[in-house]
Each structure stands twice: as structure tokens, then as C-alpha cells.
Amino acid sequence: MRALARGTAVLGLVVASLAVATPAHADPVRDLEYWLDDYGIREAWNTTRGAGVTIAVIDTGIDGTHPDLAGAVVGGSDFSGLGARNGQQPVGSTGSEHGTLVGSLAAGRGSAPDTGVIGAAPEADLLSLSIGFGEGEIGSDDQIASAVRWAVDNGADVINMSLTRNTRDWPESWDDAFLYAMDNDVVVVAAAGNRGTGTYVVGAPATMPGVLTVGGVTRDEQVSAEASSQGITIGVSAPSEELVGALPGGGHAQWGGTSGASPIVAGIVALVRAAHPELDAANVINRITETARDRGPSGQDYSYGFGLVDAAAAVNDRVPEVDENPMGDLREWIRVNRRAPADDPTAAPTPLEPSAPPLIEARGPSGTLYPTPGQLRDVGIPLLVFVAFGGAFVVATARAVRAYGATRRRG
């Protein structure tokens, strides 16, 4: 994986030339899109194809002149200083095709009814926001923060981010930008990352509370050893291997990675938003997670999240509404983890012990209580480690005192 400015990186991907043996009457590109049927997308199209919903793709830029994307890209902007003002000139000395591949899986139109790449939401609109990952005069983190705000201000209903910092943390500029998106009812979808390219643990923005993080699976619906990281913040999983997408200039390629799984889910989010315009972002995400087909341990787990995304169920099933985002609360995380400067007399005081749900009753070999995934997401790893070790120290001290007293009595 390419190291980029301030630790930000585009997720690694594998691209191969398209060469598939198929019957003469079939389209070799469309026939490769197995996920359209396997994940209920084609069935969901009986209800909606995403019309009226806008997906912003923060990436290397989408080539909107590709036949499969004709009419899909309705706007955009460049934040790198290297591309076109409308964001549709792919940027980057390497990997510039990434944004076009991603955009085609979210809302590709296909070059004809049965040919070319068609996205999960083929009637949704795209915004192309080009970022220079490790390139340009402005750092990548700041480019991304500006792009998130621009997307919100220009009508995005969904933001797809097939990128990672390769670190669990994120800059404070992202606090404000992502809160701005969430406060304006925008669903943010992010890729978990790829173990095969060095991202072994989910990194930001996929670690951020409130973000719908997407893990990757193989064609036979098993966790992908190469094309998916693992972590407590994964919401759902989607195909990340044997993908096909559009290339800048009009071509196609087979590729893999959660960079592809994420826009498939972003397209499904667009289908849900089109079918249920009355729902806020939290309930849209809840529909995605509640209707996922469970895999692995029951409930949310580190590999599959809540399970495999199911577009038809997310669009059509009856799902009770919720008051909170199932992926967490970024504002609460900031309140707990971003401490006010001590020399700021106007800053509101922060409790020494932030309120948190009780630890689960599950003990490890040392007897230490393990935190839940929700606690790790909402409260923060450093605080919980401190509490856990502090508690263990108190218990150990108490035991030592009792043992010492018993020894003295026996003496």
C-alpha cells in the first residue's frame, strides 16, 4: 500500500485486464456482477433503482465520460489542486483509476440495458470529489475534511469513502466535518480496509462512530483473507473479491478489495433512501444492519459485522424505527475523548469518569472483564484500558493485603 500524506491512503486494490470466456450472446462484463442477484439488488430494483438520491464519492475522481457512467456524474469538485474543477479528471501518479472503479459499482448505468457495469443504484446521481492522496499542496486529511463539507453543501444524501488512514485515530478536523455530515442527515459509508495490502486492523474513517463500515467477503460469502480487515466497527459485509468495474477512458477491469464492497453498500443505502424518504440517516443505517443475513457469531462480530448486506430486505422488510444510530454517536465520542484545554476558562468541564454502559460479564484468563464493542467505539480504547488495568490493580492489592493479614495470623 502506498504511504500517503499525514498517514492517509487509498485502500489497496488489485486490477486485472478483463478476459472472460462466455457464450457469444452474453455480455462478459454484466455476467460477472454476481452480487446483483446474490445480495438481493436486482430484486430491490422492483421497488426502486435509487432515483432522486445523490451519492458523493470522495476518491481519486470519477471519469464521467465513461459509457457506463454517462449521465451519472452530476457535479463535483477537485480538492487536490491537481485535477479538473468538476472533479472528473482522475488524479494521482498511481491508482488514479480507483475513483472510477468505485463510482461504477455505486451508480453505474451500464452502456446498454444488458451490457457494461451497472451499479447497485443505477438511477442515483454521483458527485465526484477528487483527492490527491499524498499529492498536492494541502495535506490529504484537510482535503478530505473539505470534501465532506462540500458534499453536504451540494446535496449529498450518501458519502462513500473507499479510503483509510491506516490508523484507528483521526484528526480533529474530521470531528467537525463528519459531525456536519451527520447533523445534516447524510449517511457516511466507509471501507474496512484490506489485510492483503497491509491494513490488518480497521482504520479511520471506518473507526468513527456513526459511520457505516463495510467489511469484505469472498464469492462464497466467507470472510476475505486478502480483501478485508477486521474490527469492532464493521457494520455489514459485502463482496470484495472477483469484482468488475469501469476504468477511466472507457475500459473495464476485474478487481478486488473493500474499496469495491463499500460502494456496493453505498448504492444499497441509496435504494433505501429512495424507497423510504421519510427516514433519517440513523434509521436508514438501522435498516441495513437489521436486515443483514447473520454470519459468524450471533449478532455483530469482528468479521462480518451484523452480517451480509441484503438489498431486497433492507428496502422491503418491516423494520421498527430507532432513536439512535446503531453504529454509534460521534458527538458523544468527541465529548468523552477530546478533552478541553486546561487553560481555556470558557471550556465546559468534562467529567473525570464519563458515563458508560456496564461491562459485559465475560472474563478472560486473568479474570479481567472485557469491554463490549460498543464501549470501545463510544468510550475509546485508552480510557477502557486504564479502567481495566486500574481495576485489576485494586483487586490484586486487596488480595495481597488479605494474604498478608492471614500470614500474620498464622504466624
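A residue is called buried under 20% relative accessible area, exposed over 50%, and partly exposed in between (1.4 Å probe, protein chains only). By this criterion Ala-191 is buried, with a relative accessible area of 0%. The structure is a predicted model: local features need pLDDT of at least 70, side-chain atom pairs count only at pLDDT 80 or more, and totals for chains, interfaces and linings use all residues. Residues are numbered from 1 along each chain as its sequence is written, and side-chain values use heavy atoms, without hydrogens and water.

Ala-191 lies in strand β8 (residues 187-191). Strands (E, at least two residues) and helices (H or I, at least four) are DSSP runs, numbered from the N terminus. Val-265 is 74 residues from Ala-191 in sequence, and the two are 9.7 Å apart in space, C-alpha to C-alpha.

Strand β8 belongs to an open sheet of seven strands. The order is β4-β5-β3-β6-β8-β9-β10, with parallel pairing. At the edges, β4 (73-78) and β10 (234-239) each pair on one side only. Two strands pair if DSSP finds at least two bridges between them. Five bridges join β9 (residues 212-217) to β10.

Helix α4 (residues 140-153) has 14 residues and reaches 20 Å from its first C-alpha to its last. The expected span is 1.5 Å times one less than the number of residues; here that is 20 Å. Buried residues of α4 include Ile-144, Ala-147, Val-148 and Ala-151. The buried residues of α4 pack (heavy atoms within 4.5 Å) against β3, β5, β6, β7 and α5. Gly-155 follows α4, with a positive phi near 95°.
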